[in-house]
Amino acid sequence: MQLHHHFIKSYKANPQQICVYDQATGKDLTYKQVLQASLLVMDSIPSHDRFYIGIMLPTSAACLISILAVLMKGRVPVMINYSTGAQNNCLFAREKCGFEIILTTGKLLEKLGIQKDEHMILIEDLIKNAKVLSKVKVGLKSLKPDKFVYKGEDTDNSIVLFTSGSEKDPKAVPLSHKNITSNVEGLRERIDFNETDVFMAVLPNFHIYGLTTSLWLPIICGSSIVTQANPLEYETIAKNIKKYRATVLTATPTFFHGYNQKSEVGDFSTLRIAIAGGDKLTPIIRDSFFKKHGSEICEGYGTTETSPVISFNSPGMNKPGSVGKPLFNAKVKIVDLESEEKLGPNRIGKIYVKGDLVMNGYLGDYEESSIRIHAGWYDTGDMGLIDNDGFLWHKGRLKRFVKIGGEMVSLVAIEDKLESLLDEDTKCCLVDIPHPVRGNEIVAVISGDFEEKKIKNELKKMVAPISMPKHFVKIEEMPLMANGKVNFRDVQKSCHKIFFK
């Protein structure tokens with residue numbers, strides 16, 4: 001079954017259930033209202049783009065309606081990241097996928113300082129300018145929506161997203177209806193998500209983490225969604241969790257920290273599921289959240305190419321520090337870095353994943369696809385191990401290991417030690433820079449106040465001499481991606497400017 005048909009199934013089960021509490025407009029929309037709006041937009045979308053249609057919208061009812069409308073029309077949405085150079089990302093996506101139409105809103109364009117071009121269509125104009133006759137037709141279509149929307153195979157592409165680009169240029173990742181449905185099934189097998197749940201949707205839908213866990217998961221379950229366009233509005237989001245009695249929150253550790261800081265004791269009393277992903281969940285964030293709210297944050301792990309969830313901890317099956325057990329419908333193995341032979345428990349190697357959650361390949365990049373996918377196994381580019389209890393432990397990106405004096409050194413492992421010495425609000429990121437003799441040197445970049453001499457002395461007791469950062473750099477604010485992850489490329493570029501003027 002295709003994803004928009006899953007939505008229709010939820011609509012039929014309870015058409016008057018609130019689908020979206022939309023913070024962008026202040027309106028509460030039922031499943032019936034979302035369906036009718038989606039059909040209206042579907043009928044209004046021009047047909048000259050044959051396969052792909054761009055969507056550049058914040059997390060909102062308008063974004064959900066646009067995605068549904070495009071799928072119902074038999075096209076594939078291409079999600080455009082507007083947080084990191086919207087103009088260039090529009091151009092990049094159009095060239096990569098070969099489309100012209102972009103669905104967006106005037107408010108967003110104004111906020112971004114972008115002039116509307118002839119192929120940009122404003123969602124508010126489509127709905128506002130719809131004729132009475134069109135609305136009557138939509139009302140009739142909503143009685144039997146299956147007859148009027150596109151019917152295809154679950155192996156068809158349902159979305160095109162772009163990798164975060166935190167380490168190098170983004171890659172276009174097409175995910176099928178089957179990919180995302182498989183991921184939702186894996187999540188539901190572990191946790192009883194249902195129509196009584198209220199999801200607090202704070203993550204952007206141009207990243208797969210937000211799209212799957214805050215849009216398709218609640219839609220397929222027939223749940224309600226509270227949409228928040230800006231995840232950095234910490235105080236507002238904390239208040240809305242309390243106001244709407246949210247039961248599910250998926251976010252990055254950075255965002256969890258912000259919500260915790262701006263909340264009061266009791267604000268999150270209705271939360272029964274809190275899952276962190278996209279970055280390492282530190283003990284400081286996990287422990288302070290539990291101390292204040294009595295709720296444990298369960299850490300998970302995934303990639304854009306795996307729709308995204310590969311593994312996650314859950315209440316009653318939570319081993320802090322690990323990224324949980326793999327989904328029941330995902331095969332995971334650890335392979336040797338050199339021989340690619342499968343390794344046994346507690347041995348570190350590359351993480352490979354197989355199953356219906358894995359993409360078929362990158363769009364228009366056969367070479368990169370062939371590098372990453374081997375006989376159905378996806379090479380995540382991450383390092384990790386599986387312990388005796390079957391829990392997966394993420395040890396960092398392979399790119400975040402550096403070779404010094406012939407030894408492989410994990411920057412993530414050093415970061416963990418360094419973070420334990422810093423204040424709760426201080427962030428750190430380690431990068432490597434080239435050195436003519438040693439090959440590489442490690443630089444510790446820290447945002448916030450710290451006593452360098454004291455930190456160095458303490459860190460020397462915790463790490464081997466080869467792992468000790470050679471330089472400490474203080475910055476005002478750590479550069480982050482829209483999903484709260486550290487932007488390693490920007491950090492590294494800053495270090496290169498400092499050390500190689």
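Among contacts in the protein chain between residues at least 6 apart in sequence, 66% link residues at least 24 apart. The model is predicted. The protein chain has 501 residues, and 57% of them count as buried.

**Overall fold**

- The protein chain holds 16 helices and 25 strands.
- Its radius of gyration is 23 Å, close to the 23 Å from the globule rule for 501 residues, so the chain is as compact as a globular protein of that length.
- Along the principal axes, the C-alpha atoms fill a box of roughly 75 × 50 × 45 Å.

**Nonpolar cores**

- In soluble globular proteins, nonpolar side chains tend to be buried together.
- The largest nonpolar core here has 132 residues.
- Within that core, Phe-7, Met-56 and Trp-216 touch the most other members.
- Helix α3 (residues 61–72) gives this core its largest share, eleven residues.
- Another core, of 17 residues, lies apart from the largest one. Its members include Ile-404, Cys-428, Met-468 and Phe-472.

**Contacts of Trp-216**

- Leaving aside residues up to four places away in sequence, Trp-216 touches Leu-3, His-4, Ile-67, Leu-68, Leu-71, Ile-180, Val-184 and Leu-211.
- Among these partners, Ile-67, Leu-68 and Leu-71 fall within helix α3, residues 61–72.
- Ile-180 and Val-184 are also partners of Trp-216, and both are buried residues of helix α8.

**Helix α8**

- Helix α8 covers residues 177–190, which makes 14 residues.
- From first C-alpha to last, α8 reaches 21 Å, close to the 20 Å expected at 1.5 Å a residue.
- α8 is mostly covered, with ten of its 14 residues buried.
- At the start of the helix, a side-chain oxygen of Ser-176 comes to within 3.3 Å of the backbone nitrogen of Lys-178.

**Helix α2**

- Helix α2 (residues 31–44) also has 14 residues.
- Its span from first C-alpha to last is 20 Å, close to the 20 Å expected at 1.5 Å a residue.
- Buried residues of α2 include Tyr-31, Val-34, Leu-35, Ala-37 and Ser-38.
- Leu-39, Leu-40, Val-41 and Met-42 are buried in α2 too.

Technical notes: Residues numbered from 1 in each chain as written. Predicted model: local features only at pLDDT ≥ 70, side-chain atom pairs only at ≥ 80, totals over all residues. Heavy atoms only, no water. Helix = DSSP H or I, 4+ residues; strand = E, 2+ residues; numbered from the N terminus. Expected span 1.5 Å × (residues − 1). Buried < 20%, exposed > 50% of the residue type's maximum accessible area, 1.4 Å probe, protein only. Polar contact = N/O pair within 3.5 Å; in protein donor to acceptor, adjacent residues only side chain to side chain. Rg over C-alpha atoms; globule rule 2.2 N^0.38 Å. Contact = heavy atoms within 4.5 Å. Core = buried A, V, L, I, M, F, W, Y, C linked by side-chain atoms within 4.5 Å.
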